[in-house]
Amino acid sequence: MNKKLIVGNWKMNPGTLNEARKIARNVRRAALTLVHTEAIICPPSVFLVPLIPRKKARHFSIGAQSVYFAESGAYTGLISTAMLHDVGVEYVIVGHSEERQRGDTDEMVSKKVRAVIEAGMTPIVCVGESSRDDVGATHFGALREQIRNSFENVPKKAAGNIVLAYEPVWAIGAKDSMVPEQIYEMSLFVKKVFSDVFSQESAVKISVLYGGAVNSRNAADIVSIGKVDGLLVGRESLNTVSFVELLKAVDAVK
Ligand code: PGA
């Protein structure tokens, strides 16, 4: 069984380093009690260094929300994979729909995936349809294309180092998540496409997460009925009490 991965995507929050330290400290403490679950927090890049534990902490890792694929050079404002790796970042979110909306194409996503793996970190690659229709005429095709293109030129042997986050865009920031039965169906579809791109063997091993309006109340059902390997959590990851409850609820799923 893959370890369950719970990724807290803090986005452009919280407003101060002090608050960031508080949330990180509480999550790190709670993670000590987890058995099958890893908590990965992804703070804004300015807070990464002060939040990375000096010694590897049990069931707790730090991820970045974004990266650029070039090695170095005249890219004002951007951060490279080597920089992230050097300060101790282990995971990097790539292709979040909010970054795609700001201009990241599938091609850029695939370059980033490759760069993150080459630097020795694990990309958490976000994919998801922006809308759905009842018969699945468009969303399956769109998602298949997005997955294929997001891994274009990513070497086959890299498959074992990839985490896929299925996030239907319409559920991000919404009131309700996708229903767990549908999440199960979509996670199977996502794995099938991944196996076509890489290999059947790698699709069996890959961790597929779900993201979009996850909270401490729906998390356990999404993991058990949706049969996903973890969750990508936005808003609820900033509320320490709820996030710790969520971690414990998922850890209790057999
Ligand atoms: P949400 O965000 O949990 O606030 O819906 C999820 C995400 O954007 O990863």
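Biologist: What makes you say that both faces of β3 are covered?

Modeller: This is a predicted model, so every value is computed from it. Buried means under 20% relative accessible area. Phe 60, Ile 62 and Ala 64 are buried on one side of β3. Ser 61 and Gly 63 are buried on the other. Both faces are therefore covered.

Biologist: Why is strand β3 called largely enclosed?

Modeller: Strand β3 spans residues 60–64, and five of the five are buried. So the rest of the structure largely encloses β3.

Biologist: How do you know that β2 and β3 pair?

Modeller: Two strands pair if DSSP finds at least two bridges between them. Three bridges join β2 to β3. So they count as paired, and they run parallel. Ile 40 stands opposite Ser 61 in β3.

Biologist: What makes β3 and β4 a pair?

Modeller: The cut-off is at least two bridges. β3 and strand β4, residues 91–94, have two bridges, in the parallel sense. So this pair also counts. Ala 64 stands opposite Val 92 in β4.

Biologist: Why is the crossover from β3 to β4 called right-handed?

Modeller: The chain leaves β3, passes through helix α3 (residues 81–86) and reaches β4. Right-handed means that this kind of path runs clockwise when the strands point away from the viewer. This β-α-β crossover is right-handed, so its path runs clockwise in that view.

Biologist: Which strands make up the closed barrel?

Modeller: The barrel has eight strands, in the order β1-β2-β3-β4-β5-β6-β7-β8, with parallel pairing. From one strand to the next, the twist averages 25 degrees.

Biologist: How do you know that β6 pairs with β7?

Modeller: At least two bridges are needed. Four bridges join β6 to strand β7, residues 207–211. So they pair, and they run parallel. Tyr 166 stands opposite Tyr 210 in β7.

Biologist: How do you know that the span of α6 is close to the expected one?

Modeller: Helix α6, residues 139–150, has twelve residues. From first C-alpha to last, α6 reaches 16 Å. At 1.5 Å a residue, 16 Å is expected.

Biologist: Which residues of α6 are buried, and why are they said to be on the same side?

Modeller: His 139, Leu 143, Gln 146, Ile 147 and Ser 150 are buried. They cover an arc of only 95 degrees around the axis, so they lie on the same side of α6.

Biologist: What covers those buried residues of α6?

Modeller: The cover includes α4 (97–101), α5 (106–118), β5 (122–127), β6 (163–166) and α7 (180–197).

Definitions and conventions
Residues numbered from 1 in each chain as written. Predicted model: local features only at pLDDT ≥ 70, side-chain atom pairs only at ≥ 80, totals over all residues. Heavy atoms only, no water. Expected span 1.5 Å × (residues − 1). Buried < 20%, exposed > 50% of the residue type's maximum accessible area, 1.4 Å probe, protein only. Arc of directions from axis to C-beta. Contact = heavy atoms within 4.5 Å. Axes fitted to C-alpha atoms, helices over the stretch in contact; angles between N-to-C directions.
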